[in-house]
Amino acid sequence: MHLQLFSTVGCHYCEQAQELVRECSIVTLEILDIFDHPDWQTRYGVRIPVLVEPKTQAELAWPFTLSELTTFIE
């Protein structure tokens with residue numbers, strides 16, 4: 001499964017989210033910096049990190065656990 005992670009450089013929570021996703025070996029992760037696009041800043045600025053499944057646009061916002069992540073990707 002391919003997921004996008006909306007985050008930014010220096011975000012401690014984003015780093016934690018990346019670590020959780022790395023534990024799910026069936027996931028490929030595309031990291032997108034919200035500061036690359038103004039609309040991403042507006043949409044995700046106060047909610048990062050946010051995982052998005054691009055096909056369905058389903059979102060999983062921080063904080064999330066490994067169990068919640070596993071459910072999200074199933």
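Leaving aside its neighbours within four places in sequence, with which residues is Leu 69 in contact? With those neighbours set aside, Leu 69 meets Leu 3, Leu 20, Val 21, Cys 24, Leu 51, Leu 60 and Phe 64, where contact means heavy atoms within 4.5 Å.

## Basis of the model

This is a predicted model, in which local features need pLDDT of at least 70 and side-chain atom pairs count only at pLDDT 80 or more, while totals for chains, interfaces and linings use all residues. Residues are numbered from 1 along each chain as its sequence is written, and side-chain values use heavy atoms, with hydrogens and water left out.

## Overall architecture

The chain contains 3 helices and 4 strands, and from the N terminus on these elements follow the order β-α-β-α-β-β-α. The elements are DSSP runs numbered from the N terminus: helices are H or I of at least four residues, and strands are E of at least two. The radius of gyration is 11 Å, close to the 11 Å that the globule rule gives for 74 residues, so the chain is as compact as a globular protein of that length. That radius is taken over C-alpha atoms, and the rule is 2.2 Å times the number of residues to the power 0.38.

Along its principal axes, the C-alpha trace spans about 30 × 25 × 15 Å. Of the 74 residues, 42% are buried; buried means under 20% relative accessible area, exposed over 50%, and partly exposed in between (1.4 Å probe, protein chains only). Among contacts with a separation of 6 or more, 62% join residues 24 or more positions apart.

## Helix α1 and its cover

Helix α1 comprises residues 12–22, and its buried residues are Cys 14, Ala 17, Gln 18, Leu 20 and Val 21. Seen down the axis of α1, these buried residues fall within an arc of 160 degrees, so they line one face of the helix. The arc is that of the directions from the helix axis to the C-beta atoms. The cover over the buried residues of α1 includes β1 (2–7), β2 (28–33), β3 (50–53) and α3 (66–73).

## Nonpolar cores and Leu 69

A nonpolar core is a set of buried Ala, Val, Leu, Ile, Met, Phe, Trp, Tyr and Cys residues joined through side-chain atoms within 4.5 Å. The largest has 14 residues, of which Leu 3, Leu 51, Phe 64, Leu 69 and Ile 73 touch the most other members. At least two residues of this core come from each of β1, α1 and α3. A second, separate core of 10 residues includes Phe 6, Cys 14, Leu 32 and Tyr 44.

Leu 69 lies in helix α3 and is buried, with a relative accessible area of 0%. Leu 69 and Ala 17 are 52 residues apart in sequence and 9.6 Å apart in space, C-alpha to C-alpha.

## Cysteines

The structure holds 0 disulfides, a disulfide being a pair of cysteine sulfur atoms within 2.5 Å. For Cys 24, the nearest cysteine sulfur is that of Cys 14, 17 Å away. Cys 24 counts as buried at 9% relative accessibility, and Cys 11 counts as buried at 11%.

## Backbone features in the loops

The peptide bond from Ile 48 to Pro 49 is cis, with omega near 0 degrees; Pro 49 is placed in the loop between α2 (38–44) and β3. Trp 62 and Pro 63 are also joined by a cis peptide bond, with omega about 5 degrees, and Pro 63 sits in the loop between β4 (58–61) and α3.

Gln 57 is not a glycine, yet has a positive phi of about 65 degrees. Gln 57 belongs to the loop between β3 and β4 and counts as partly exposed at 43% relative accessibility.
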